[in-house]
Amino acid sequence: MFKKLMTLLFVVLLGTQAYALEIDLRNPQVEPLPIAVPAFQAENAAAQQVAADISRLVVQDLTGTGLFREIPPNAFISQVSSFTQPIAYPDWRAVNAQGLITGAVTVNGNQLVVKFRLYDVFAGTELGQGQQLVGTVDGWRRMAHKVADAAYSRITGEGGYFDSRVVFVSESGPKDNRQKRLAVMDYDGANVQFLTDSSAIVLAPRFSPNGDRVLYTSFESGFPRINVLNVANVGRQQLATAPGEMAFSPRFSRDGRQVIYSLANGGNTDIYRTDLASGQHVRLTSAPSIETAPSLSPDGSQIVFESDRSGTQQLYIMPANGGEARRISFGEGRYGTPVWSPRGDLVAFTKQNAGRFHIGVMRTDGSEERLLTSSFLDEGPTWSPNGRVIMFSRETQGAGGTSAMYSVDISGRNLKAVPIQGGASDPSWGPLQP
Amino acid sequence: MKMMTRATVLLLALATAACTNPDRFGGGGAGADGANGVNGGLAGSASDPTSPQFFNQTIGDRVLFAVDTSTITPEGKTILDGQAQWLLTNADYRAVVEGHADEQGTREYNIALGFRRANAVREYLVSRGVPSGRLEVTSYGKERPIEVCSQESCYAKNRRAVTVLSFSAITS
């Protein structure tokens, strides 16, 4: 009897859930929410093509999360012929659309104006207010991403991540003579631009918190050194380290003024911090073991890093100024490349166990470890700006092995390759653009 | 049949030479951005004991390591004894010891591991009398495998430290 009542209660709760235009990202069992996105209205002839392109990309962004599913336009009963016309809710309910996004686009020369509205179909109300964005025709993809970010954010109650860029290493050539160049792309693989040529091996670029600069490791001199690259003008500058010392694995502090990184002196690798303005550096670890891959907590007070001081690679957390470290990884196998989540609650990592590599997450006390992927070689996670998605490198095995970038939801669902030409590795996800 | 076997052996030997020789990676790779190594290029006959060729081929320019270790093996010590002797005799040469790792490991860790290996070689050579100022170390981690299969037979050759000679009058 009690069980029956519970089931009934559960069904009722589920029922309520299904009719509200909201997605609870903490609930990993969420069913994709049905949305309708009629082609945005072109308010003048010049806007015809871009209006259609923008609405397609909005759909692609939202359905690409795995959280939404599109009601195909040929199922629509009602057509939207004007941005200001009242919504015929019963027609949208009939096709089971829970969310409806309408938009209008105007083009004046290179200026692009996009207006959009989001409706909760079952409640029969608008969700949030209509919004107008002004940009350029060349930048139409960004405008579409912004519309999708706004819709995502209103429905999930959390920040979006579509209007963001990723810096990565573009790869070509055979495995024993691989050419590597730094490049940036939109989060969805569009608009790839190269930042360096392939004359020297470059590794593991990291965006600054506001996306204006990139830290990376270069073998230009034959020795690994850290460079700081200005994204806007591609100007480069080498991070100052003492002679004979080789530096790699850098990351910016949250204010973008300092760099934490690994420095190898002789055979020993430790973690250091350098102030970019003064060039002054501080040593944060001093153990004979390997200490590398440091990542700061969002509040800047702690550093998670990897060390083999126990005999194998494991994860540790220490105060940002150095000091006693506590081990947080205790599962089977080896753990490396920890990255603190933007919300501060999780650490993403690479795990190597029984001949397989995994991307996983755990809480900062090491509890609730969850492996999200498994392959011959997965490594190097990076967080989406809202901390809901992880991008990483996956390399296939054998003589013809190549590397590609993949993304996966932190629930472990929605694993997919980032569609770009050629090989790619070491993604670093930048901030949501202003 | 006997002819066949000999031909196979010869072919194998050639194939091995072709695989292991170009550690300088031709034009675009580490060769271009590495130190001025002469291992792959500079002339000299392997029968001339003062030539880099002799160093690379007769003595051996590299030592191999077990998984996730930087311990010099007994075979490695024999090679490094030869290297030390050669470097002491040919005092105009400097060397960069390059540490490498196989692909089974994360990128950053493998760079650090490569440093450990290169440094183990450097320390051994210094312990045999080579002035430390003539030896530098670097690490390419897993970035420059010489063998490309994903099996232990290839991994074993990729876990290496290579002593790359350069010819230069020593200042300082």
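Helices (H or I, at least four residues) and strands (E, at least two) are DSSP runs, numbered from the N terminus.

Sorted by residue class, two of the contact surfaces in the model divide as follows.

| Domain 1 of chain A, touching domain 2 of chain A | one residue | two residues | one residue |

Here Ala, Val, Leu, Ile, Met, Phe, Trp, Tyr, Cys and Pro count as nonpolar, Asp, Glu, Lys and Arg as charged, and the others, Gly among them, as polar.

Chain B holds six helices and four strands, which follow one another along the sequence in the pattern α-α-α-β-α-β-α-β-α-β. Of the 172 residues of chain B, 45% count as buried, a residue being buried if 20 or more other C-beta atoms, placed from the backbone, lie within 10 Å of its own. Among the contacts in chain B with a separation of 6 or more, 65% are accounted for by residues 24 or more positions apart.

Chain A is divided into domain 1 (18-25 + 32-156) and domain 2 (164-432), with bounds that come from an automatic or database domain assignment. The C-alpha centres of these two domains of chain A lie 36 Å apart, and four residues of domain 1 are in contact with seven residues of domain 2.

Chain A also contains an open sheet of four strands in the order 23-24-25-26, with antiparallel pairing; two strands pair if DSSP finds at least two bridges between them. Strand 23 (334-340) and strand 26 (370-371) of chain A each have a single partner strand and stand at the edges, so one side of each is left without a neighbour in the sheet. Strand 25 (residues 356-363) of chain A pairs with strand 26 of chain A in the antiparallel sense over two bridges, and R370(A) in strand 26 is the bridge partner of V361(A).

Residues are numbered from 1 along each chain as its sequence is written, while chains are lettered from A and ligands numbered from 1 in the order in which they are written. Because the model is predicted, local features need pLDDT of at least 70 and side-chain atom pairs count only at pLDDT 80 or more, whereas totals for chains, interfaces and linings use all residues.

Note on methods
A residue is buried if 20 or more other C-beta atoms lie within 10 Å of its own, exposed if 12 or fewer, and partly exposed in between; C-beta atoms are placed from the backbone. Two residues are in contact if their C-beta atoms, placed from the backbone, lie within 7 Å.
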